[in-house]
Amino acid sequence: MVLSELKELDRKKEVLWSMADLIDPTSESFSKDPGYTIDDVETCSKILDTYIDQLVLLGKHPNNDEILSVVQTVVESLNELNAECGNGLIETMERENLCDYIQEAAIIAGWQSESDEDVTEEWREW
């Protein structure tokens with residue numbers, strides 16, 4: 001798998017769908033005031049796409065520090081977006097899927113770890 005394919009992975013779609021589901025008035029999960037709008041969901045999508053683009057720009061053999069710098073940027077951008085949404089945009093399911101998505105992309109880009117550490121944990125506030 002190449003990084004550019006990650007933009008369309010089911011995990012990303014699941015994250016965005018679960019966010020959008022709460023603001024869809026036809027959904028059983030509809031919430032009158034989840035604290036965010038469809039624009040915020042679209043911003044999240046753009047943040048994730050930018051993350052993949054930045055990893056691609058690192059080239060074929062980036063080192064762990066270069067990859068972690070990009071991970072830090074995406075996590076901090078998501079922290080900021082979630083805070084702007086009253087910390088309601090990223091709930092448990094979204095958090096798990098986002099962490100998996102970010103980590104999977106980092107691994108494909110070349111990030112290596114000797115443990116199963118969560119690559120987002122150091123910066124994640126959600």
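Author: Gladly. Keep in mind that this is a predicted model. Let's start with the core: the largest nonpolar core has 33 residues, and Met-19, Tyr-51, Val-71, Leu-78 and Ile-102 touch the most other members. The elements that give two or more residues to this core are H1, H2, helix H3 (64-84) and helix H4 (92-109).

Reader: What makes a set of residues a nonpolar core?

Author: The members must be buried residues of nonpolar kinds, such as Val, Leu or Ile, joined through side-chain atoms within 4.5 Å. In soluble globular proteins, nonpolar side chains tend to be buried together.

Reader: Which residues is Val-71 in contact with, leaving aside its neighbours within four places in sequence?

Author: With that limit, Val-71 meets Tyr-51, Ile-102, Ala-106, Val-119, Thr-120 and Trp-123.

Reader: Why is the pair of Asp-49 and Lys-12 called a salt bridge?

Author: The cut-off is 4 Å from a side-chain nitrogen of Lys or Arg to a carboxyl oxygen of Asp or Glu. For Asp-49 and Lys-12 the N to O distance is 2.7 Å, so the pair qualifies. The two residues come from distant parts of the chain, 37 residues apart: Lys-12 lies in helix H1 (residues 10-21) and Asp-49 in helix H2 (residues 38-57).

Reader: How many salt bridges does a search of the whole structure find?

Author: The search finds 3. Another one joins the side chains of Arg-95 and Glu-96 at 3.2 Å, N to O. Asp-118 and Arg-124 also form a salt bridge, at 2.5 Å. Side chains of opposite charge can pair when their charged atoms come close.

Reader: How do you know whether Lys-12 is buried or exposed?

Author: Buried means under 20% relative accessible area. Lys-12 has 5%, so Lys-12 counts as buried.

Reader: What does the side chain of Gln-103 reach?

Author: Gln-103 sits in helix H4, and its side chain reaches the backbone nitrogen of Val-119 at 3.0 Å. The cut-off for a polar contact is 3.5 Å, so this distance falls within it. Leaving aside neighbours within four places in sequence, Gln-103 is in contact with Trp-111, Glu-117, Asp-118 and Val-119. At 16% relative accessibility, Gln-103 counts as buried.

Reader: What is the phi of Asn-87?

Author: Asn-87 has a positive phi of about 60°, although Asn-87 is not a glycine. Most residues other than glycine have a negative phi. Asn-87 is found in the loop between H3 and H4.

Reader: And what makes Gly-88 buried?

Author: Gly-88, also placed in the loop between H3 and H4, has a relative accessible area of 12%. That is under the 20% cut-off, so Gly-88 is buried. Not counting residues up to four places away in sequence, Gly-88 touches Pro-34, Tyr-36 and Asn-82.

Definitions and conventions. Residues numbered from 1 in each chain as written. Predicted model: local features only at pLDDT ≥ 70, side-chain atom pairs only at ≥ 80, totals over all residues. Heavy atoms only, no water. Helix = DSSP H or I, 4+ residues; strand = E, 2+ residues; numbered from the N terminus. Buried < 20%, exposed > 50% of the residue type's maximum accessible area, 1.4 Å probe, protein only. Contact = heavy atoms within 4.5 Å. Polar contact = N/O pair within 3.5 Å; in protein donor to acceptor, adjacent residues only side chain to side chain.
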